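Please keep the sequence and the structure in view while reading the points below.

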Amino acid sequence: MTLAIVLAADPAAGHLTEPGRPAGEPLTERLAAQWRRAGADDVRIAADLTELADLVAAATGPVLVSGADLVAHTAVLKHLATSPVGPTVALVLTDPPAPGQATVREERGQVVEVDAADASGVFGGALRVGAADLPAVADAARRAAGAAPDAPDARLTDPASAPGVGAADGGPRNAVDRLVADLAARGTLIFAQRVRLLVAHRVGDEAQRAAAEAAVAAVDEDRAELKLSVKERDDFFTTFFVSTWSPYVTKVAARIGIGPTGVTMVSVAFAVAAAVLFGVGGRPALVAGAVLLYLGFVLDCVDGQLARYTRHFSAWGGWLDTMADRFKEYVVYAGLGFGATHAGFRYGWALALAAMTLQTVRHMTDTWYGALHDEAARRPKVVSADAGGIGGKLNAASTRVQADTGSVSYWLKRTVVFPIGERWALIAIAAALFGPLVALVAVLVWGTLAFAYTGGLRTLRARWMRVPVMATVDAGLHRDDGVLARTLPTTRRPLLLAVLGALGAAGTLVWALLAVHGGGDLPVFVPVLALVLLLGAAQASRAPHDGSLDWLVPAALRAAEYLFAIAVGVAGRAPAWLIFGYVLVLTLHHYDLTARLEKRQSAPPLHAATLGWPGRSLLLAIGLIAGYASIALATLGAYLLVVFVASVVLAWVVLPARARGGVRSPG
């Protein structure tokens, strides 16, 4: 149940009226009606912050709060109420601040400071509060109202420095602005909801209200919402070759009632069909596969656009979109690998394996670098000793390029990192014109260069930021260590040990390739030595991950496990498709973990049953030494797939049904 509260304590509540209503009727009634249309189950009007605090304290679900001076499209309020980020989100406007209004500074979509000297916007007078933050909001409302005598911060008790007074313009602060200022001062994570294409203004008199109403009436709300379904900043290929016409598909899908999940499933079917055609080979099949791959990518964009247009967001939908994207891409790699092998190239599957491993490790660094940046944005700014060094200069240069949207440097920066649109476009064009082998080689070459470029720059910037991001999360979970790692002695230097483990696995793979190529066998001591290095990396599971580069640990561990599994398969002369299938199952498991991290969710229900990467590596090593590498890969891969599917069913069907008291499919 969602509660909406209109705070009538602001000056605007007493004198702004709605045209066509009895004279003197406050604008609060209009906002209350809009909140109902935006999806609120219950709407209340609070006379002051104390009454608001009582309402919030009694609430059990999300709460929507707005002042009485907001004139906006109903869609603006609906977007705030249904924002997929959060749990707490504030409306942010680009209007110049009026007396009593709080200014904010944003970084990476987060409100990191209120009344900052370098403010990037003004608080829009409305926010959505997640259930977990309700106690903090109730307490902040009481403190901002002056009802709490023991404020933890001097600014909240000293009248000269309290959030309720002493605004940037020197005037008394509006009630809703006092609330958000107090909330930010206590460190609550608040995300920013920017208004784009639609209209929202805070007004202080009848003339401003009339002008704001005219601006609202001048905009076609539905057309603006359709345009807003397209990401504001996307990659070059997606922006110019997909988003120019995909909104029309989005509109049709919405009219005929297809949901985002249905579009995702059709996109998966297109990608699988393209993979089959790439495997078949022959020019007509390759061209048809390229067309299907392109259409599948269009639908991959449409599912997100449809979710934004219809405001049908869910944790299930976000998780499914992430997992489907990776499954589609890696199935296409499998098709290309089979096609290249079928065409006479001996190492087609090896190239497909390399492409999948490279891309997964890249994604792991993307996830953890994003977590690093988010954490850096939330922390107080500290002047680094390297502020004028290469890390600081790179950070400043990147900020300038990102701000210069539409420039050549902006598009080059977005393209050189080889995002998904460019990957799919390259695969489609190369496969159609030259065949599967060229497509795989092109993906590997560009992907390697992009990895080197982004990895180098991010490492320098991370050393400059000096934020120990891995110290703020459950390192054992996201390292995927399992029970075995927890039984080993604890050793420090997690990054060094993870890199040594990856190098040991890589060396084992090279040795296995040379041995098999020469017709011999891999000496037993080689996988044993590699396993020792891997278990050494596992010993750092419980050690603090507080180094500025420890965000690289999960990616290094993924590389170590994948390379060791491939080495076991090569040394044991397992079929190439079996090795690919085993690593594919591992990637699905690890993308499940990263998707949950990004969505701020707990571990999968059956995570302990996956044995952890040290346990899986140990079982594969035993299988290789015993002479049953293929059986070990097949058995362990099938087991992990069953656990993954069962975990998905538990997480998204069984447990939610129990919580609801009934049974219903997700989506």
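**Briefing on the chain**

Residue S246 lies in helix α9, which spans residues 246–256. In this predicted model, S246 is buried, with a relative accessible area of 0%. The chain as a whole has 667 residues, of which 54% count as buried. Its secondary structure comprises 25 helices and ten strands.

**Contacts across the chain**

- Among contacts between residues at least 6 apart in sequence, 81% join residues at least 24 apart.
- S246 and S229 are separated by 17 residues in sequence, and their C-alpha atoms lie 10.0 Å apart in space.
- Leaving aside residues up to four places away in sequence, S246 touches V298, V302 and Q305.
- Y410 belongs to helix α15, residues 408–416, and is buried, with a relative accessible area of 3%.
- Although Y410 and D235 are 175 residues apart in sequence, the distance between them, C-alpha to C-alpha, is 10.0 Å.

**Nonpolar cores**

- The largest nonpolar core contains 122 residues. The residues with the most contacts inside this core are F278, W319, Y333, F580 and Y582.
- Helix α22 supplies the largest share of this core, namely 15 residues.
- F278 touches L286, G289, A290, L293, V332, G335, L336, G339, I427, A431 and P436, when residues up to four places away in sequence are not counted.
- A second, separate core has 35 residues, including V65, A90, A102 and A140.
- As background, nonpolar side chains tend to be buried together in soluble globular proteins.

**Helix pair α21 and α22**

- The axes of helix α21 (residues 525–538) and helix α22 (residues 553–571) come within 11 Å and cross at roughly 160°.
- Angles over 145 degrees count as roughly antiparallel, and α21 and α22 are therefore roughly antiparallel to each other.
- The crossing of α21 and α22 is left-handed.
- From α21, the residues P527, A530, L531, L534 and A537 meet L557, A560 and F564 of α22.
- The residues of this contact between α21 and α22 comprise eight nonpolar, no polar and no charged.

**Helix pair α11 and α12**

- The axes of α11 and α12 come within 11 Å and cross at roughly 170°.
- That angle makes α11 roughly antiparallel to α12.
- The contact is formed by L293, G296, D300 and D303 of α11 together with D321, D325, K328 and V332 of α12.
- By residue class, the contact of α11 with α12 has two nonpolar, one polar and five charged.
- Two residues of this contact, L293 and V332, are also among the residues that F278 touches.

- Helix α4 covers residues 134–144, and its buried residues include L134, V137, A138, A140, A141, R143 and A144.
- The elements that cover the buried residues of α4 include α2 (49–58), β3 (63–66), β8 (121–129) and α5 (175–185).
- Just after α4, G146 takes a positive phi of about 85°.

- R616 is found in helix α24, residues 612–625.
- R616 is buried, with a relative accessible area of 0%.
- Apart from residues up to four places away in sequence, R616 touches D480, E561, Y582, L586, H589, H590, T610, L611, L636 and L640.
- One of these neighbours, Y582, is named among the residues with the most contacts inside the largest nonpolar core.

- D115 is a residue other than glycine with a positive phi, near 60°.
- D115 sits in the loop between β7 (110–114) and β8, and counts as partly exposed at 30% relative accessibility.
- R311, likewise a residue other than glycine, has a positive phi near 60°.
- The place of R311 is in the loop between α11 (283–310) and α12 (315–342).
- At 13% relative accessibility, R311 counts as buried.

Conventions. Residues are numbered from 1 along each chain as its sequence is written. This is a predicted model: local features need pLDDT of at least 70, side-chain atom pairs count only at pLDDT 80 or more; totals for chains, interfaces and linings use all residues. Side-chain values use heavy atoms; hydrogens and water are left out. Axes are lines fitted to C-alpha atoms, for helices over the stretch in contact, and angles run from 0 to 180 degrees between N-to-C directions. Helices (H or I, at least four residues) and strands (E, at least two) are DSSP runs, numbered from the N terminus. Angles under 35 degrees count as roughly parallel, over 145 as roughly antiparallel, 65 to 115 as roughly perpendicular and the rest as oblique. A crossing is left-handed if the near helix is turned anticlockwise from the far one by less than a right angle, and right-handed if clockwise. Contact means heavy atoms within 4.5 Å. Ala, Val, Leu, Ile, Met, Phe, Trp, Tyr, Cys and Pro count as nonpolar, Asp, Glu, Lys and Arg as charged, and the others, Gly among them, as polar. A nonpolar core is a set of buried Ala, Val, Leu, Ile, Met, Phe, Trp, Tyr and Cys residues joined through side-chain atoms within 4.5 Å. Buried means under 20% relative accessible area, exposed over 50%, partly exposed in between (1.4 Å probe, protein chains only).
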